[in-house]
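User: I'm new to reading protein structures. Could you walk me through a few features, starting with how strands pair up?

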Amino acid sequence: MIPDNVPEENVFYGSGDLKKESHVPSFDKYKELYLKSIDNPDEFWGAVAKDFFWKSKPTGPFLSYNFDVTKGEIFIKCMEGASTNICYNLLDRNVHERKLGDRVAFYWEGNEPGDESSVTYRELLQRVCRFANVLRSQGVKKGDRVSIYMPMVIELVVAMLACVRIGAVHSIVFAGFSAESLCERIMDSQCLLLITADGFYRGDKLINLKHLADEALQKCRDKGFPIKRCIVLKHLSKEPEESVDSHSPPAKRSCPDLQVPWNPEVDLCWHALISEASDECEPEWCNSEDPLFILYTSGSTGKPKGVVHTVSGYMLYTATTFKLVFDHQPDDVYWCTADIGWITGHSYITYGPLANGATSVLFEGLPTYPDVSRMWEIVDKYHVTKFYTAPTAIRLLMKSGSEPVQKFKRESLKVLGTVGEPINPEAWHWYYNVVGEKRCPIVDTFWQTETGGHVLTPLPAATPMKPGSATFPFFGVVPAILNESGEELEGPSEGYLVFKQPWPGVMRTVYGNHQRFESIYFKKFPGYYVTGDGCRRDKDGYYWITGRMDDMLNVSGHLLSTAEVESALVEHRAVAEAAVVGRPHPIKGESLYCFVTLKDGVGYSQTLEAELKKQVREKIGAIATPDYIQNAPGLPKTRSGKIMRRVLRKIACNEKDLGDTSTLADSSVVDELFQNRCCASV
């Protein structure tokens, strides 16, 4: 699996200075550790576990599992019998045992330049304990689910770690999702309580988050699931002058005109609650396989699935991947530009960095606001050494050329990373040459919400990089490539990417639906975890992700279900049928191209198109807004009535070579769609 020798040509290497301090300084060392992680996982992960606090020790093997549905129920268990608390390991351990209380945990950079604050590990511990006591006072106990719908503020980290401290299960919903999406997730996970904020700015756009939260709670009530408590952070509206939980000057982001609806029977003020709370809170000791959090990701059937991660394995895996993939050193300042509402923010803003006692930047704004130099200004301001962002952001900034980057020194940068989708070679070279000035290795990480952390990735000093390749597996991960028949392919090949055994951080189930978990990930190829992604392995053994093999689209690094978007479109009174496919996009990677068949007597218009886009935004969120909508009097179908999406993808891209169309029931539909294609609008 791992080649004996690295290729000589078309590869890039980390600097000699990086190798001197690196945890994994060479490819030979990587191979040695990798083989140990596969052949002797108990010893490999046992050494990692020694760095953490355990209230009780494991009573069995480090990992036990079944990946084969033909042999019984799928299960993964890690360190069974052990007990711990992640919040204790992230905060108390760093403050009391490692003496890092005065170290900055987060530099918070607001949407507006100059709106800033910071929090040390000691302060973060105190704030988490206060809010954990608030949650307990509201009746939240171990195992209860708590929904969090907040902008990128320090209080979001406080809320999630307060849940963890008392053994509650957090379900964070990205603040860009709609009220309908929030309602759906609250109800599916049966949340006891909602934590939100009044509002926030994304660039120059004001988001009234409390209004959306209220709308979601009303939808929950209408469906027979009332939420009795909603804790509201005053982020934009006027705060109490003596607020104990806000270190930043409110004038920088004050929005006195923001109308914040308030229901005294449900709503509670964050600041009032914590002002009376103690800053000491005994942690709840949790078993290794207790649920830690639920995070919803799009499902190919249209209904989002609640991915469940558990305590010990997730903690060890995010801590280890963060330490080794970013080659974390004590004096680093790390910045991941993701939102905590996605798995990247869970694993590589909160859990992984804090487990290592890292100092991170937490950014509320946009990479292009107030101008396209903002990210590099922040890099210089905080002397960022390790920088992790999405290819979408890189392609967006590439459009403005190198001048906005070169206005700032960026001398502190040592490692660059990418996440969310494969990075195209052109963007890789720009990132490497312009941003990193040919001295910073790029860790192009492949992983998923379900995997918990990186599974294919370079290591900065050890792995020779090929632009666009995720390179090799992380420790404990055993990939394989299968053909349609489920046969393992050797050597250079292309097919389905699967994994042959678990690693500590892999998901354990879909919340409330273990059968769906087995069906999605394990039934297609019994004995393997199926990622849903295609993959190519080249002659040198490098892995290249080729895209989704199911009905999912990767838009700006975020997975969207075509079925979910289609469902939102057909709910409109004018639409009889809809089909959604992906079309390549120079910035987003993929864009949403929607075909809609209207009901008899309904005419297509710009007004209708605007209504359809609004409908999708309101049902799912702005990220799912269609880029193209085409009027389709008919859709290409087989004689059995199945929509031929392969043909629709060709039409969306204006590719006339359709391949075999012998199963089409009516080929004239295709000609008409090509003729109408010019009517598709962005």
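This is a predicted model: local features need pLDDT of at least 70, side-chain atom pairs count only at pLDDT 80 or more; totals for chains, interfaces and linings use all residues.

Analyst: Let's begin with strand 6 (residues 145-149). Strand 6 runs parallel to strand 7 (residues 169-172), and four bridges join the two. To find one spot in that pairing, look for V146, which sits opposite H170 in strand 7.

User: What do strand 6, helix 6 and strand 7 make together?

Analyst: They form a right-handed β-α-β unit, with helix 6 covering residues 154-165.

User: And how do I read the side chains of a strand?

Analyst: In a regular strand, side chains alternate between the two faces of the sheet. In strand 6, R145, S147 and Y149 point one way, while V146 and I148 point the other way.

User: Are those residues of strand 6 buried or exposed?

Analyst: Buried, on both sides.

User: How do I describe two packed helices?

Analyst: You give the angle between their axes and the distance between the axes. Take helix 3 (residues 41-49) and helix 10 (residues 311-325): the angle is about 85°, and the axes are 10 Å apart. That makes helix 3 roughly perpendicular to helix 10.

User: Which residues meet there?

Analyst: W45, V48 and A49 from helix 3 meet L316, Y317 and T320 from helix 10. Sorted by type, this contact has five nonpolar residues, one polar and no charged.

Note on methods. Residues are numbered from 1 along each chain as its sequence is written. Side-chain values use heavy atoms; hydrogens and water are left out. Axes are lines fitted to C-alpha atoms, for helices over the stretch in contact, and angles run from 0 to 180 degrees between N-to-C directions. Angles under 35 degrees count as roughly parallel, over 145 as roughly antiparallel, 65 to 115 as roughly perpendicular and the rest as oblique. Contact means heavy atoms within 4.5 Å. Ala, Val, Leu, Ile, Met, Phe, Trp, Tyr, Cys and Pro count as nonpolar, Asp, Glu, Lys and Arg as charged, and the others, Gly among them, as polar. Buried means under 20% relative accessible area, exposed over 50%, partly exposed in between (1.4 Å probe, protein chains only). Two strands pair if DSSP finds at least two bridges between them. A crossover is right-handed if, with the strands pointing away from the viewer, the path from the first strand over the helix to the second runs clockwise.
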